[in-house]
Amino acid sequence: MKTNVKHYVPSDDATDLRLDESALNAAATSDLDEGAVTPGYGPYRDAVVKLLNDALATELVCTLRYKRHYFTADGVDSSKIADEFLVHATEETSHADKIARRIVQLGGDPDFSPDTLLARSHAQYDGSKDRKDMVRANLVAERIAVEAYRQMITLIGDRDPTTRRLLEEVLADEEEHADELKDWLHR
Ligand SMILES: [Fe+2]
Ligand SMILES: [Fe+2]
């Protein structure tokens, strides 16, 4: 934070639910270029942006992996599983877009650099040729994403409710993806 505006400190009295109006007005009128990020955000912005950038890299790698599998899946039930891969690819891209938008809202820089994408991603790329191997690789990647988002949500806690809510929505989608792939594993 560039500003030295005093932070809001809640009263020790648990029954005192009044806002601190002077702190509120001072915070709102300082550093207007910060947009949505007011002094009350706390000192975590860079750390949250880093978490989000690693999540962005993960979503982009997941999009690439699903696209690769969509175009190359063949064998029994190939068109159905390929369709599933395409749906997941589209949803991973949507996750990436939402995360990038939030990074910009926080005044950060969304990192789309292909040079470091895989190193920053929690999940791996996969170039399997066999349909079952593809399903297994995607299931592992989804379960890694589920674990990573759970950890992020715990780390962010009450520090940034908007980011936490976004991550909770993405987590629910990843759980659904993992559940669907589990069914495909046994077909
Ligand atoms: Fe995703
Ligand atoms: Fe997913």
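Of the 187 residues of the protein chain, 28% count as buried. The model is predicted. Its chain holds six helices and zero strands. Along the sequence the pattern reads α-α-α-α-α-α. The radius of gyration is 20 Å, well over the 16 Å that the globule rule gives for 187 residues, so the chain is more spread out than a compact globule. Along its principal axes, the C-alpha trace spans about 65 × 40 × 20 Å.

Now look at the contacts. Take those in the chain with a separation of 6 or more: residues 24 or more positions apart account for 72% of them.

Next, pick out one pair of helices. Two packed helices are described by the angle between their axes and the distance between the axes. Helix 2 covers residues 45–72, and helix 5 covers residues 131–156. They pack at an angle of about 165 degrees, and their axes are 11 Å apart. An angle over 145 degrees counts as roughly antiparallel, so helix 2 is roughly antiparallel to helix 5. The crossing of helix 2 with helix 5 is left-handed.

Which residues meet there? From helix 2 come Val 48, Leu 51, Ala 55, Thr 58, Cys 62, Arg 65, Tyr 66 and His 69. Helix 5 brings Met 134, Asn 138, Ala 141, Ala 145, Ala 148, Met 152, Leu 155 and Ile 156. By class, this contact has 12 nonpolar, three polar and one charged residues.

Finally, find Ser 94. Ser 94 lies in helix 3, residues 78–105. Ser 94 has 14 C-beta neighbours inside 10 Å, so it counts as partly exposed. Glu 59 is 35 residues from Ser 94 along the chain, and their C-alpha atoms are separated by 8.7 Å.

Notes
Residues are numbered from 1 along each chain as its sequence is written. Chains are lettered from A and ligands numbered from 1 in the order in which they are written. This is a predicted model: local features need pLDDT of at least 70, side-chain atom pairs count only at pLDDT 80 or more; totals for chains, interfaces and linings use all residues. Axes are lines fitted to C-alpha atoms, for helices over the stretch in contact, and angles run from 0 to 180 degrees between N-to-C directions. Helices (H or I, at least four residues) and strands (E, at least two) are DSSP runs, numbered from the N terminus. Angles under 35 degrees count as roughly parallel, over 145 as roughly antiparallel, 65 to 115 as roughly perpendicular and the rest as oblique. A crossing is left-handed if the near helix is turned anticlockwise from the far one by less than a right angle, and right-handed if clockwise. Two residues are in contact if their C-beta atoms, placed from the backbone, lie within 7 Å. Ala, Val, Leu, Ile, Met, Phe, Trp, Tyr, Cys and Pro count as nonpolar, Asp, Glu, Lys and Arg as charged, and the others, Gly among them, as polar. A residue is buried if 20 or more other C-beta atoms lie within 10 Å of its own, exposed if 12 or fewer, and partly exposed in between; C-beta atoms are placed from the backbone. The radius of gyration is taken over C-alpha atoms; the globule rule is 2.2 Å times the number of residues to the power 0.38.
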